[in-house]
Amino acid sequence: MTWFLDHRAEVFDLAVRHLYLAGVPLLIGLLLALPLGWLARRFRPLYPPLIIGTGLLYTIPSLALFILMPGFIGTQILDPVNVLIAMTIYTIALLVRTVADGLGAVPGDVNQAATAMGYGRVARFFKVELPLAVPVISAGLRVAAVSNVSIVSVAAIIGVAQLGSLFTDGFSRSFLDPIVVGIIACVVLALLLDVVIVAATWLLTPWQRAGRVRT
Amino acid sequence: MNAMIGFLTDPAHWTGSDGIPTRILEHLVLAFEALLLAALIAVPLGLWVGHTGRGRFVAVNLAGAARALPSLGLLFLVWLWLSGTLQGDASYVVPTLVVLVILAVPPILSGVYAGVEGVDPAARDAARGMGMRGTQVLAKVEVPCALPLIFSGLRSAMLQIIATATIAASIGIGGLGRFLIDGLSVRDYGQMAAGAVLVAVLALLVDLLLALVQRLVVSPGLTGAFSTARPVPEDRRAEPSSTSLQEAA
Amino acid sequence: MNRTKIVLALTTTALLSVSACGSSSGGNPLSTGSASASAGGGSSADAGTIVVGSANFPENELLAEIYAGALAGKGVKVDKKLNIGSRETYIPALNDGSIDLIPEYTGVLAQYFNKDAKATDSEGVYKELKAALPPNLTVLDKSAAEDKDAVVVTKETADKYKLKSIADLQPVAKDLTLGGPPEWKTRPTGVPGLKKVYNLDFKTFRPLDAGGPLSVNALKNGQVQAVNLFTTDPSIAANGFVVLDDPKSLFAAQNVVPLITKAKVNAKVSDSLNAVSAKLDTTTLGELVKEVVTDKKDASAVAKEFLTKNNLG
């Protein structure tokens, strides 16, 4: 479609910003969700409040969180950091439960064997439990990635430039082309993130591929 | 946050056509309408996919792809498409319903087919052994066994519906999103915060309601309430991965 | 485990480097809707850069593009943050330094800062505005171009109730629904103003958008019988709508004027913006808006054409 061809550079620019606003929170959110999920698994009484608490966070409407953020952290009104932090909160909300459940899915025998081999608690976490939890965590991460891409577009209502800006621009002029291009770009971006996460998971879990190599 | 408490405690905000109860009702009616319509589409489809095993590939990827659809973009797109051809209030409500249904069908579909697919093969065998035919197996065994996952899909869809219905205020409908959009346009933080809290509380209450229905409808045999198996020692028991299938889809 | 570390490092690097692209491409002044996406918080603009903002409707975006283009043409460094929202949103943004310059309209702006603003003619309003502004903000020369709020009805409604001016709505308002931007519910030029000046009590007020497709459609569809549109809106002519007269001047003169942080004003800036204001008039503005909204041309392209035609950029 000609509109897209004429505006390739602009769409690409917006897509990169979108990737930044959706992707960075994925990384930071994952890093922060790991200790929280571990805590929830390690100390049983913490599991319900942590899971319910983070579940509650996810029900807060995204638009509200974007707007109210300057009030909480004192940033400037139009600062994209507001969106970054809000998205990180949503990512953590989605991932804490996934991490807790992923770590919990590691069979007790394996943990015992690791301890018997002499792994200390920390070493066991990083070298045994976490790698084994990767498939479950990665499933949750894929969900978080895709949902982040969709939520970030809402920030166009408060003037943060990303693919969602194509929606507001098209709407205010009753112009369908930017909106359609924006939707397709969002789906492509989500697909891209999904592929990256799947590829990383595939590389990180060689034991799941081992069976097939045998002749 | 004082502003928010002030907004919520102001009696003027609890009456009238733009008061809190009216908006809550608008939001709820829209949400349940959408859930019903989505279920009408997704449940039969999911039952078919789960029971026959056909179309599984499409169903799995549809669920994932649909989650990537940006709700704001869809709302604007469908509104622009349909607004010229509809009269009166339908010109806002119908596009919103269309988008809500589009976004709700995948999680329900996912839950239904995963649930039916995941039924214990032994139970299916036993049913056939008892002489049941295909549809009887489906209705009497597979569906009841699949109910936990079906409900999980319904609850996930409802959360998505309530969240999207909030944003839909930007195309002019009522509902709790109005407090967010109207508060945004005049930078009334109290109104916005109040709207956010109301939406969160509503989502929680509706989820609790659905959980209650689930508790009533799902057979106790499935919830493990009457477990006759010997208790397995703590360290040998793997925790069920409760990353439910609708999240993994 | 070396392999794990390598994979993690690569994935992280990949994601971070792509996102670094995002934050470093924020400086292109000629791409529509760009914003400075700096991770470090706040505007990364140095002392000489002017951040141009705009409200969330096409005409204002167009004016912002014109200002930005004119400034860039004179060698001023420009950043754009377009489609911010309503006045209640972007005035705080001006105050906290997120933006420095925004196209405004004299009448409503004067009333925003001074609820008792009385003047209705161009010069009087401009004087009152200058007096009402807070110490950190100032306005440059006003242009002849005006875009006023208006209460608009369909031809059928006007014929049915014999409406020519807003005052004619008084006897029938209680049966009618009024539509407008959400901020109209509380603004002095909105619902309260219509009540105070014309004694209008509508049956209900429907929050829609700032003179955009929701408002036009609601009027066409019969969801509202009267709606707030802007006088330069091409859809008024396109749909045969009737603009009701405003004999009591509730909507005072609305000349387009640049609102700017005082600290950012210097000779270059004021010269280039005043030159733009000198060349803008209502007819021209209306035509330019039509090109953006009806002909679907980019605001930045239309702005560039205007500037080139008038030797301003």
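Predicted model: local features only at pLDDT ≥ 70, side-chain atom pairs only at ≥ 80, totals over all residues.
Q: Let's start with chain C. What order do the five strands of the open sheet take?

A: When you read a sheet, walk across it from one side to the other. In chain C the walk goes S7-S6-S8-S5-S9, and the pairing is mixed.

Q: Which strands are the edge strands?

A: Look for strands that pair on one side only. Here they are strand S7 (204–207) and strand S9 (242–243) of chain C.

Q: In which sense do S5 and S9 of chain C pair, and over how many bridges?

A: Strand S5 (residues 149–153) of chain C pairs with S9(C) in the antiparallel sense, over two bridges. To find the place on your screen, pick C:Val152, whose bridge partner in S9(C) is C:Val243.

Q: How many residues does each chain bring to the contact between chains C and B?

A: Count each side separately: 18 residues come from chain C and 15 residues from chain B. On the side of chain C, helix H3 (87–95), S7 and H8 each supply at least two residues. That side divides into six nonpolar, nine polar and three charged residues.

Q: Which domains does chain C have, and how far apart are their centres?

A: A domain may be made of more than one segment. The assignment gives domain 1 of chain C as 28–146 + 253–309 and domain 2 as 149–243. Their centres, taken over C-alpha atoms, are 27 Å apart. The contact between them takes 14 residues from domain 1 and 10 residues from domain 2.

Q: Which element gives the most to the domain 1 side of that contact?

A: Helix H4 (106–113) and helix H11 (282–293) of chain C each give two or more residues. H11(C) gives the most, with five residues. By class, the domain 1 side has five nonpolar, five polar and four charged residues.

Q: Now chain A. Where does helix H7 have its kink?

A: Begin with the end-to-end span. Helix H7 (residues 121–152) of chain A has 32 residues, but its end C-alpha atoms are only 38 Å apart, short of the 46 Å that a straight helix would reach. Then look along the helix: a kink of about 50° lies at A:Val134, shortly before the proline A:Pro135.

Conventions: Residues numbered from 1 in each chain as written. Chains lettered and ligands numbered in written order. Pairing = 2+ DSSP bridges. Helix = DSSP H or I, 4+ residues; strand = E, 2+ residues; numbered from the N terminus. Contact = placed C-beta atoms within 7 Å. Nonpolar A, V, L, I, M, F, W, Y, C, P; charged D, E, K, R; others polar. Expected span 1.5 Å × (residues − 1). Bend = angle between axes of the 7 residues up to and from the residue. Domains from an automatic or database assignment.
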